[in-house]
Amino acid sequence: MDTNMSRRDLLKFGAVATTAAVGVSMLGCSTNSAAADGAADATKAATGTASVTMEEATSQNILNVEKTVPNFAYIPDIDYKQTITKNSYSTMKMDIIAPSSDKPLPCILYINGGGFTRSSPAGHLWERMYLAEQGFVVASIQHSVVPAAKFPQPLLDCKDAVRFLRANAATYNIDKDRIAAMGNSAGGYFATMLGVTADIAKFNEGAQNASESCGVSAVVDFYGVSDLTIIGAGLPDGLEEGHDSPATTEALMINGTAFGDNKGASVFDTPEKAAEASPFTYIDSNDPPFLIFQGTADTLVSPVATAELQVKLEEAGVKATRYVVPEAKHGDPVFSQPEVMDLVVDFLNESMPAKQG
């Protein structure tokens with residue numbers, strides 16, 4: 001045997017030898033018996049040869065595809081914040097959807113609502129994917145919730161999330177000068193608070209990645225809470241009066257649960273705390289532009305709440321555009337439709353234009 005035979009030649013030689021051996025061993029027997037018994041025919045495999053040519057393999061049933069949707073990296077369960085105390089260690093999670101790109105992309109911090117009692121990065125996946133398809137890195141976050149945490153802790157988490165994105169901009173291909181905040185319901189409240197409190201010193205003490213800014217370039221607010229004392233303003237059938245209770249989630253967020261020396265209180269019993277947690281307290285002309293959506297049939301967050309937010313912003317000279325959707329309820333699927341999402345994309349592109357050159 002030629003000792004210089006390649007591995008491919010050896011495979012071919014082995015296939016010939018196998019065929020010959022099989023022929024000898026089956027002399028006097030039916031050549032169909034192996035197939036009848038269901039045995040594998042090893043002569044068809046591992047030969048190093050193919051009956052199809054390269055031209056045939058690449059010229060049949062051609063499908064030409066235009067590349068209009070980018071590839072994505074979906075990165076879940078990122079620890080964006082660690083809190084260490086004497087007796088505990090906790091982390092806050094972030095999910096990132098990052099489109100492929102050869103240049104840094106604008107980013108959206110997405111805050112899912114949960115009535116101040118729940119927080120998960122997993123919500124509104126379709127909307128986040130739609131925004132990523134339009135060229136945005138989308139980071140959705142977990143934050144602290146009541147009753148375990150009180151204001152301002154959830155807001156501080158959101159601020160640390162913005163700083164984390166800036167500190168890790170190179171890792172996730174983010175343009176750190178183009179970061180927007182977006183949220184729905186309670187998430188809309190925190191997005192709003194990010195927009196109006198970037199320069200408020202008391203909310204920036206003890207920050208993680210403190211050298212980075214927590215400011216955002218734009219805010220998108222879907223039927224979000226604004227001032228905690230007007231969540232139910234004008235709602236019918238006792239719904240407005242229901243917010244007088246110390247058991248409402250907004251009351252728990254600023255006053256905590258009734259336990260021990262704390263007897264509990266409504267947002268109306270503690271106006272100083274309610275004012276500290278109100279975006280109206282901090283609005284000024286330096287705030288970024290807002291895009292607001294509200295349904296007329298919302299009975300969880302009154303349309304008055306977002307309308308009053310628009311009034312306060314415009315009075316301060318801040319650009320604020322608000323759309324009202326007839327008969328839409330709180331969390332209505334209508335807010336996920338392309339007509340709405342395209343308004344969001346246009347607003348963000350206008351508010352965070354790409355750098356020239």
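Here are some questions and answers about a predicted model.

User: Before we start, what should I know about the numbering and the model?
Analyst: This is a predicted model in which local features need pLDDT of at least 70 and side-chain atom pairs count only at pLDDT 80 or more, while totals for chains, interfaces and linings use all residues. Side-chain values use heavy atoms, with hydrogens and water left out, and residues are numbered along each chain as its sequence is written, starting from 1.

User: Is Thr306 buried or exposed?
Analyst: Thr306 belongs to helix α10, residues 303–315; helices (H or I, at least four residues) and strands (E, at least two) are DSSP runs, numbered from the N terminus. Buried means under 20% relative accessible area, exposed over 50%, and partly exposed in between, with a 1.4 Å probe and protein chains only. Because its relative accessibility is 0%, Thr306 counts as buried.

User: Which residues does Thr306 touch, apart from those up to four places away in sequence?
Analyst: Contact here means heavy atoms within 4.5 Å. With residues up to four places away set aside, the partners of Thr306 are Asp221, Tyr223, Gly224, Ile292, Gln294 and Arg322.

User: How far is Ala233 from Ala305 in space, C-alpha to C-alpha?
Analyst: Ala233 sits in the loop between β6 (219–222) and α8, and at 14% relative accessibility it counts as buried. Leaving out neighbours within four places in sequence, Ala233 is in contact with Glu240, Ser302 and Val304. In sequence Ala233 and Ala305 are 72 residues apart, but their C-alpha to C-alpha distance in space is 7.2 Å.

User: What is the distance in space between Lys150 and Ala251, C-alpha to C-alpha?
Analyst: Lys150 lies in the loop between β4 and α5 and is partly exposed, with a relative accessible area of 37%. Not counting residues up to four places away in sequence, Lys150 touches Leu252, Met253, Ile254, Asn255 and Gly256. Lys150 and Ala251 are 101 residues apart in sequence, and from C-alpha to C-alpha they are separated in space by 9.6 Å.

User: Which residue does a cis peptide bond join to Val146?
Analyst: Most residues other than glycine have a negative phi, and most peptide bonds are trans. The loop between β4 (137–141) and α5 (153–167) is the place to look. There, with omega at about 5°, the cis bond joins Val146 to Pro147.

User: What is omega for the peptide bond from Phe151 to Pro152?
Analyst: Pro152 is placed in the loop between β4 and α5. The bond from Phe151 to Pro152 is cis, and its omega is near 10°.

User: What is the phi of Asn173?
Analyst: Asn173 is in the loop between α6 (169–172) and β5 (174–184). At 22% relative accessibility, Asn173 counts as partly exposed. Although Asn173 is not a glycine, its phi is positive, at about 60°.

User: Is Ser185 buried or exposed?
Analyst: Ser185 lies in the loop between β5 and α7 (186–196). Its phi is positive, near 60°, in a residue other than glycine. With a relative accessibility of 12%, Ser185 counts as buried.

User: Where is Asp269 found?
Analyst: Asp269 is exposed, with a relative accessible area of 55%. As for its place in the chain, Asp269 is in the loop between α8 (249–255) and α9 (271–276).
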